[in-house]
Amino acid sequence: MDGIGKGVAPEAGAHAGSALNRSIMQLLEHVEYRLVTGGEDLEEIYRLRYQSYLRAGIATPNDSGLFEDRWDNLPNSYRFGVYCYERLVSTLRLHYISREHPYSPSMDGYSEILKHRVERGETFIEGTRFATDPDSAPAPGMLPFLTLRLGMVASCYFGQTSVLIPVKIEHAAYYARIFNARQIAEGKAFPGVLVQGALFEIPCGENLRLTLERFPFFKSTPTEQRLMFSNPAINPLTPQTIVPTAKYLREAA
(Lines give C-alpha, C1' and ligand atoms only; values in the text may rest on other atoms or scores of the structure.)
Protein backbone atom coordinates (compact mmCIF):
# COMPACT_ATOMS: atom_id res chain seq x y z
CA MET A 1 0.00 0.00 0.00
CA ASP A 2 2.04 2.85 -1.31
CA GLY A 3 1.08 5.36 1.33
CA ILE A 4 -1.57 6.29 3.81
CA GLY A 5 -1.93 9.83 2.56
CA LYS A 6 -1.96 13.05 4.50
CA GLY A 7 -4.28 14.01 7.29
CA VAL A 8 -4.15 10.77 9.24
CA ALA A 9 -4.86 11.52 12.87
CA PRO A 10 -1.79 10.29 14.81
CA GLU A 11 -3.96 9.35 17.78
CA ALA A 12 -6.35 7.22 15.70
CA GLY A 13 -4.91 3.90 16.81
CA ALA A 14 -4.62 4.86 20.47
CA HIS A 15 -8.22 6.01 20.74
CA ALA A 16 -9.98 3.53 18.47
CA GLY A 17 -13.02 3.53 20.72
CA SER A 18 -16.54 4.72 20.34
CA ALA A 19 -15.85 8.16 18.82
CA LEU A 20 -13.80 6.81 15.90
CA ASN A 21 -16.11 3.87 15.37
CA ARG A 22 -19.21 6.07 15.39
CA SER A 23 -17.66 8.57 12.97
CA ILE A 24 -16.69 5.94 10.42
CA MET A 25 -19.94 4.02 10.76
CA GLN A 26 -21.77 7.24 9.93
CA LEU A 27 -19.49 7.91 6.95
CA LEU A 28 -20.09 4.40 5.60
CA GLU A 29 -23.71 5.44 5.05
CA HIS A 30 -22.37 7.64 2.22
CA VAL A 31 -19.68 5.29 0.86
CA GLU A 32 -19.73 2.80 -1.98
CA TYR A 33 -16.97 0.61 -3.35
CA ARG A 34 -16.58 -0.09 -7.05
CA LEU A 35 -14.77 -3.11 -8.42
CA VAL A 36 -13.50 -1.72 -11.71
CA THR A 37 -12.20 -3.55 -14.78
CA GLY A 38 -12.42 -0.94 -17.53
CA GLY A 39 -14.13 2.12 -18.93
CA GLU A 40 -14.13 5.64 -17.56
CA ASP A 41 -14.05 4.49 -13.95
CA LEU A 42 -10.72 2.73 -14.48
CA GLU A 43 -9.28 5.77 -16.20
CA GLU A 44 -10.45 7.89 -13.27
CA ILE A 45 -8.65 5.55 -10.85
CA TYR A 46 -5.43 5.70 -12.87
CA ARG A 47 -5.70 9.49 -12.99
CA LEU A 48 -6.16 9.69 -9.23
CA ARG A 49 -3.10 7.50 -8.72
CA TYR A 50 -1.04 9.72 -10.99
CA GLN A 51 -2.10 12.97 -9.33
CA SER A 52 -1.60 11.54 -5.84
CA TYR A 53 1.83 10.10 -6.60
CA LEU A 54 2.98 13.20 -8.46
CA ARG A 55 1.95 15.37 -5.51
CA ALA A 56 3.80 13.06 -3.10
CA GLY A 57 6.93 12.88 -5.25
CA ILE A 58 6.45 9.15 -5.87
CA ALA A 59 6.11 9.37 -9.67
CA THR A 60 7.42 11.57 -12.47
CA PRO A 61 5.25 13.50 -14.94
CA ASN A 62 4.04 11.76 -18.09
CA ASP A 63 1.96 12.80 -21.09
CA SER A 64 -1.01 10.56 -20.33
CA GLY A 65 -1.70 11.86 -16.82
CA LEU A 66 -2.41 8.24 -15.80
CA PHE A 67 -0.56 5.71 -13.65
CA GLU A 68 -0.86 2.05 -14.66
CA ASP A 69 1.60 -0.82 -14.27
CA ARG A 70 2.12 -4.42 -15.38
CA TRP A 71 0.44 -5.86 -12.27
CA ASP A 72 -2.92 -4.18 -12.92
CA ASN A 73 -4.43 -6.69 -15.34
CA LEU A 74 -3.37 -9.96 -13.75
CA PRO A 75 -6.04 -12.63 -13.16
CA ASN A 76 -5.69 -12.25 -9.37
CA SER A 77 -5.88 -8.44 -9.39
CA TYR A 78 -8.79 -6.42 -7.96
CA ARG A 79 -8.89 -2.66 -8.54
CA PHE A 80 -11.25 -0.66 -6.39
CA GLY A 81 -12.46 2.90 -6.27
CA VAL A 82 -13.83 4.28 -3.01
CA TYR A 83 -16.63 6.79 -3.53
CA CYS A 84 -17.96 9.08 -0.82
CA TYR A 85 -20.98 11.25 -1.58
CA GLU A 86 -20.70 9.86 -5.15
CA ARG A 87 -17.20 11.26 -5.63
CA LEU A 88 -14.02 9.19 -6.04
CA VAL A 89 -11.92 9.85 -2.93
CA SER A 90 -9.41 6.99 -2.94
CA THR A 91 -8.35 3.79 -4.64
CA LEU A 92 -6.64 0.54 -3.69
CA ARG A 93 -5.50 -2.53 -5.61
CA LEU A 94 -5.47 -5.99 -4.07
CA HIS A 95 -3.89 -9.25 -5.26
CA TYR A 96 -4.82 -12.67 -3.90
CA ILE A 97 -1.61 -14.72 -4.03
CA SER A 98 -1.76 -18.51 -4.14
CA ARG A 99 -0.11 -21.49 -5.85
CA GLU A 100 -2.53 -21.03 -8.74
CA HIS A 101 -1.79 -17.33 -9.12
CA PRO A 102 1.56 -16.46 -7.52
CA TYR A 103 1.61 -12.97 -9.03
CA SER A 104 2.01 -9.55 -7.41
CA PRO A 105 4.59 -6.77 -7.05
CA SER A 106 6.01 -8.31 -3.86
CA MET A 107 6.16 -11.78 -5.40
CA ASP A 108 8.40 -10.28 -8.07
CA GLY A 109 10.39 -8.06 -5.72
CA TYR A 110 10.79 -10.48 -2.81
CA SER A 111 10.63 -13.90 -4.45
CA GLU A 112 13.54 -15.11 -2.32
CA ILE A 113 11.31 -14.67 0.76
CA LEU A 114 7.84 -15.46 -0.54
CA LYS A 115 8.20 -18.11 -3.27
CA HIS A 116 8.84 -21.04 -0.93
CA ARG A 117 6.03 -19.95 1.38
CA VAL A 118 3.52 -19.97 -1.48
CA GLU A 119 4.84 -23.31 -2.75
CA ARG A 120 4.18 -24.89 0.65
CA GLY A 121 0.58 -23.68 0.58
CA GLU A 122 0.54 -20.27 2.26
CA THR A 123 -1.68 -17.61 0.69
CA PHE A 124 -1.56 -13.84 0.88
CA ILE A 125 -3.48 -10.69 0.16
CA GLU A 126 -1.28 -7.85 -1.08
CA GLY A 127 -2.40 -4.23 -1.06
CA THR A 128 -0.75 -1.72 -3.37
CA ARG A 129 -1.49 1.42 -5.37
CA PHE A 130 -3.18 3.13 -2.46
CA ALA A 131 -3.93 6.69 -3.55
CA THR A 132 -6.18 9.40 -2.13
CA ASP A 133 -7.63 12.76 -3.03
CA PRO A 134 -7.13 14.77 0.17
CA ASP A 135 -9.24 17.61 -1.22
CA SER A 136 -12.24 15.27 -1.26
CA ALA A 137 -11.70 13.76 2.18
CA PRO A 138 -14.99 13.78 4.12
CA ALA A 139 -13.11 14.35 7.41
CA PRO A 140 -9.45 14.44 8.51
CA GLY A 141 -7.89 11.02 8.93
CA MET A 142 -10.85 9.03 7.62
CA LEU A 143 -9.73 8.03 4.12
CA PRO A 144 -7.20 5.39 5.21
CA PHE A 145 -9.81 3.59 7.31
CA LEU A 146 -12.45 3.73 4.55
CA THR A 147 -9.95 2.48 1.97
CA LEU A 148 -8.08 -0.16 3.96
CA ARG A 149 -11.41 -1.68 4.92
CA LEU A 150 -11.18 -3.36 1.50
CA GLY A 151 -8.26 -5.42 2.73
CA MET A 152 -10.22 -6.49 5.78
CA VAL A 153 -13.17 -7.60 3.64
CA ALA A 154 -10.75 -9.56 1.44
CA SER A 155 -9.20 -11.21 4.50
CA CYS A 156 -12.60 -12.38 5.72
CA TYR A 157 -13.41 -13.79 2.28
CA PHE A 158 -10.14 -15.51 1.38
CA GLY A 159 -8.95 -16.55 4.85
CA GLN A 160 -5.33 -16.17 3.77
CA THR A 161 -2.22 -16.63 5.90
CA SER A 162 -1.46 -12.91 6.11
CA VAL A 163 -1.57 -9.56 4.34
CA LEU A 164 1.50 -8.10 2.60
CA ILE A 165 2.03 -4.36 2.37
CA PRO A 166 5.04 -2.66 0.77
CA VAL A 167 5.10 0.79 2.41
CA LYS A 168 7.44 3.66 3.06
CA ILE A 169 9.13 3.39 6.44
CA GLU A 170 7.59 6.67 7.63
CA HIS A 171 4.13 5.10 7.28
CA ALA A 172 5.05 1.87 9.06
CA ALA A 173 4.00 3.07 12.52
CA TYR A 174 0.41 3.48 11.33
CA TYR A 175 0.16 -0.07 10.05
CA ALA A 176 1.87 -1.44 13.15
CA ARG A 177 -0.52 0.42 15.45
CA ILE A 178 -3.74 -0.36 13.60
CA PHE A 179 -3.01 -3.80 12.11
CA ASN A 180 -0.04 -5.16 14.08
CA ALA A 181 2.13 -5.15 10.94
CA ARG A 182 5.77 -6.23 11.20
CA GLN A 183 8.62 -5.67 8.77
CA ILE A 184 9.94 -8.81 7.04
CA ALA A 185 12.18 -7.33 4.31
CA GLU A 186 14.19 -4.21 3.56
CA GLY A 187 13.15 -1.60 1.05
CA LYS A 188 13.42 -2.19 -2.68
CA ALA A 189 12.74 -0.03 -5.71
CA PHE A 190 9.79 -0.96 -7.93
CA PRO A 191 9.28 0.07 -11.57
CA GLY A 192 7.47 3.36 -12.01
CA VAL A 193 7.90 4.73 -8.49
CA LEU A 194 10.68 6.89 -7.08
CA VAL A 195 10.69 5.73 -3.47
CA GLN A 196 11.54 2.43 -1.86
CA GLY A 197 9.00 0.54 0.19
CA ALA A 198 9.93 -2.05 2.80
CA LEU A 199 7.79 -5.17 2.98
CA PHE A 200 5.52 -5.57 6.01
CA GLU A 201 3.32 -8.51 6.92
CA ILE A 202 0.04 -8.49 8.86
CA PRO A 203 -0.80 -11.88 10.39
CA CYS A 204 -4.39 -13.06 10.13
CA GLY A 205 -6.11 -15.60 12.36
CA GLU A 206 -6.40 -14.28 15.91
CA ASN A 207 -4.96 -10.91 14.90
CA LEU A 208 -7.75 -10.46 12.34
CA ARG A 209 -10.38 -11.35 14.93
CA LEU A 210 -9.01 -8.83 17.42
CA THR A 211 -8.79 -6.09 14.78
CA LEU A 212 -12.42 -6.62 13.77
CA GLU A 213 -13.42 -6.51 17.42
CA ARG A 214 -11.52 -3.27 17.96
CA PHE A 215 -12.74 -1.64 14.75
CA PRO A 216 -16.23 -2.97 13.94
CA PHE A 217 -16.50 -0.76 10.84
CA PHE A 218 -14.06 -3.20 9.20
CA LYS A 219 -16.64 -6.01 9.46
CA SER A 220 -18.61 -7.21 6.44
CA THR A 221 -21.33 -9.70 5.56
CA PRO A 222 -20.67 -12.75 3.35
CA THR A 223 -22.76 -11.07 0.64
CA GLU A 224 -20.49 -8.03 0.54
CA GLN A 225 -17.44 -10.29 0.50
CA ARG A 226 -18.76 -12.33 -2.45
CA LEU A 227 -19.68 -9.24 -4.43
CA MET A 228 -16.13 -7.95 -4.11
CA PHE A 229 -14.11 -11.10 -4.62
CA SER A 230 -16.02 -14.00 -6.19
CA ASN A 231 -14.92 -12.95 -9.70
CA PRO A 232 -18.33 -12.03 -11.10
CA ALA A 233 -18.73 -11.42 -14.82
CA ILE A 234 -18.34 -7.65 -14.86
CA ASN A 235 -19.22 -5.39 -17.76
CA PRO A 236 -16.14 -3.14 -18.13
CA LEU A 237 -18.42 -0.18 -18.73
CA THR A 238 -20.61 -0.92 -15.70
CA PRO A 239 -18.43 -1.61 -12.65
CA GLN A 240 -19.63 -3.74 -9.75
CA THR A 241 -20.88 -1.36 -7.04
CA ILE A 242 -20.84 -2.63 -3.44
CA VAL A 243 -22.38 -0.94 -0.41
CA PRO A 244 -20.60 -1.42 2.95
CA THR A 245 -22.46 -3.77 5.29
CA ALA A 246 -20.77 -3.19 8.67
CA LYS A 247 -23.85 -1.40 9.99
CA TYR A 248 -26.00 -4.50 9.55
CA LEU A 249 -23.65 -6.53 11.73
CA ARG A 250 -23.63 -3.76 14.33
CA GLU A 251 -27.44 -3.61 14.38
CA ALA A 252 -27.65 -7.38 14.73
CA ALA A 253 -25.20 -7.47 17.63
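1. In this predicted model, helix α1 (residues 18-28) and helix α5 (residues 143-158) have axes that come within 10 Å and cross at roughly 75°. Angles of 65 to 115 degrees count as roughly perpendicular. The two helices α1 and α5 are therefore roughly perpendicular to each other.

2. The residues that make this contact can be listed. On the α1 side they are Leu20, Ile24, Leu27 and Leu28, and they meet Phe145, Leu146 and Arg149 of α5. Sorted by class, the contact of α1 with α5 has 6 nonpolar residues, 1 charged residue and no polar ones.

3. Helix α5 also meets helix α7 (residues 206-214): the axes come within 11 Å and cross at roughly 135°. That angle makes α5 and α7 oblique to each other. The crossing in which α5 passes α7 is left-handed.

4. Which residues of α5 and α7 meet? From α5 they are Met152, Ser155 and Cys156, and from α7 they are Leu208, Thr211 and Leu212. This contact of α5 with α7 divides into 4 nonpolar and 2 polar residues, with no charged ones.

5. Next, the sheet. It is open and has 8 strands, in the order β6-β7-β5-β4-β3-β2-β1-β8, and its pairing is mixed. At the edges are β6 (182-188) and β8 (240-242), each of which pairs on one side only. From one strand to the next the twist averages 25°.

6. Within the sheet, strand β4 (residues 124-132) and strand β5 (residues 162-167) run parallel and are joined by 3 bridges. To locate this pair in the viewer, look for Ile125, which stands opposite Val163 in β5. Helix α5 packs on the sheet, where it touches β1 (31-36), β2 (77-84), β3 (87-97), β4 and β5. The direction of α5 makes about 30° with that of β3.

7. A remark on confidence. The pLDDT averages 88 over the chain, and 88% of the residues score at least 70. Where is the pLDDT below 50? This is the case over residues 5-16, a stretch that has 21 contacts in the model beyond near neighbours in sequence.

Note on methods: Residues numbered from 1 in each chain as written. Predicted model: local features only at pLDDT ≥ 70, side-chain atom pairs only at ≥ 80, totals over all residues. Heavy atoms only, no water. Axes fitted to C-alpha atoms, helices over the stretch in contact; angles between N-to-C directions. Helix = DSSP H or I, 4+ residues; strand = E, 2+ residues; numbered from the N terminus. Parallel < 35°, antiparallel > 145°, perpendicular 65-115°, else oblique. Contact = heavy atoms within 4.5 Å. Nonpolar A, V, L, I, M, F, W, Y, C, P; charged D, E, K, R; others polar. Pairing = 2+ DSSP bridges. pLDDT = per-residue confidence, 0-100. Left-handed = near helix turned anticlockwise from the far one by under 90°.
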